[in-house]
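Have a look at the model below before reading on.

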Amino acid sequence: MKTKKQVKVNTKDIKEENEVTSFIKIILVIGILFLGAYLFTTFMNKKGFFNKKYVKPTVPEAVIDYDNILVGEVFNINNDSYYVVLGDFNGKDDAYLSSSLSSYKGKTPLYKVNMSSKFNSVSKGETSNKNASNSNELIIAKETLIKINNGKIVSYIEGTEHIINELDL
């Protein structure tokens with residue numbers, strides 16, 4: 001009978017050969033992917049998908065106005081005593097009040113609430129609530145000046161002329 005002759009193969013060489021071929025395959029696949037991405041973007045660019053006339057919109061710098069507040073903040077300001085003028089400052093009728101308030105130089109801080117804003121419209125009404133103790137109870141019928149001491153209404157004045165007289169404008 002014939003005996004089979006065993007051939008001893010060096011497994012270390014085969015493993016190294018497999019690792020080298022795997023590495024080369026990986027490099028080829030990555031190269032093909034990069035080449036495909038390059039060709040795709042070049043094609044898309046030629047078709048006009050990346051318009052060179054595009055101008056990034058400019059965003060104006062944010063401006064914080066500490067004098068204009070929302071109705072919800074009327075009783076929450078960190079001053080012991082302050083004035084709050086509530087009015088529709090976007091209308092023609094209040095241009096006189098608005099320009100007069102810009103010349104206010106009193107020692108007591110003055111804040112404005114623009115009642116024409118959607119955020120403040122919840123406090124508009126037919127009759128005013130002069131005894132409000134928080135912003136949820138505050139109802140304004142027309143231009144109003146409120147003086148607040150320690151979170152409570154001390155003075156409540158309605159009407160443009162009365163507000164101007166009170167503030168000595």
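## Ground rules and overall layout

Helices here are DSSP runs of H or I with at least four residues, numbered from the N terminus. By that count, residues 95-101 make up helix 2, and Leu97 lies in that helix. Keep in mind that this is a predicted model.

The protein chain has 3 helices and 5 strands. Follow the sequence along and the pattern reads α-β-β-α-β-β-β-α. Of the 169 residues in the protein chain, 25% are buried. As for contacts between residues at least 6 apart in sequence, 59% join residues at least 24 apart.

## The largest core

Which elements give two or more residues to the largest nonpolar core? First, the core itself: it holds 17 residues, and Ile69, Val74, Val84, Leu86, Val113, Leu138 and Ile148 are those with the most contacts inside it. The elements that give it two or more residues are strand 2 (81-87), strand 3 (110-114) and strand 4 (144-149). Strand 2 provides the largest share, with 3 residues.

Ile148 is a handy place to start clicking around. Skip its neighbours within four places in sequence, and Ile148 is still in contact with Val74, Phe75, Asp80, Ser81, Tyr82, Val84 and Ile153.

## A second core, and Leu97

There's also a second, separate core, this one of 12 residues, including Phe89, Leu97, Leu110 and Leu167. Is Leu97 buried or exposed? Its relative accessibility is 0%, so Leu97 counts as buried.

Leaving out residues up to four places away in sequence, Leu97 touches Val85, Phe89, Glu143, Thr160, Ile163 and Ile164. Take Val85 from that list: Leu97 and Val85 are 12 residues apart along the chain, and their C-alpha atoms are separated by 9.7 Å.

## One aromatic pair

How many aromatic pairs does a search of the whole structure find? The search turns up 1. The partners are Tyr82 and Tyr111, whose ring centres are 5.8 Å apart with planes at 85 degrees; planes over 60 degrees apart count as edge-to-face, so that's the label for this pair. Because Tyr82 lies in strand 2 and Tyr111 in strand 3, the pair ties together parts that are 29 residues apart in sequence.

Both tyrosines fall under the 20% cut-off for buried. Tyr82 has 0% relative accessibility, so it counts as buried. Tyr111 is at 14% relative accessibility and therefore counts as buried too.

## Out on the surface

Now for the outside. The protein chain exposes about 13400 Å², and carbon and sulfur atoms supply 56% of that. One nonpolar patch on the surface is formed by Val20, Phe23, Ile24, Ile27, Leu28 and Ile32, which together have about 610 Å² of accessible area.

Leu28 belongs to helix 1, which covers residues 11-46. Its relative accessibility is 53%, and exposed means over 50%, so Leu28 counts as exposed. In soluble globular proteins, nonpolar side chains tend to be buried together.

## A buried serine in a loop

Last stop: Ser123, which sits in the loop between strand 3 and strand 4. With a relative accessibility of 2%, Ser123 counts as buried. What does Ser123 touch, not counting residues up to four places away in sequence? Its contacts are Val71, Met115, Ser135, Leu138, Ile139 and Ile140.

Terms used: Residues numbered from 1 in each chain as written. Predicted model: local features only at pLDDT ≥ 70, side-chain atom pairs only at ≥ 80, totals over all residues. Heavy atoms only, no water. Core = buried A, V, L, I, M, F, W, Y, C linked by side-chain atoms within 4.5 Å. Buried < 20%, exposed > 50% of the residue type's maximum accessible area, 1.4 Å probe, protein only. Contact = heavy atoms within 4.5 Å. Patch = residues over 30% accessible without salt bridge, like charges linked within 9 Å, V, L, I, M, F, W, Y side chains within 5 Å. Areas by Shrake-Rupley, 256 points an atom, 1.4 Å probe, with all protein chains shown as cover. Salt bridge = Lys/Arg side-chain N within 4 Å of Asp/Glu carboxyl O. Phe/Tyr/Trp six-rings, centres within 6.5 Å; stacked < 30°, edge-to-face > 60°.
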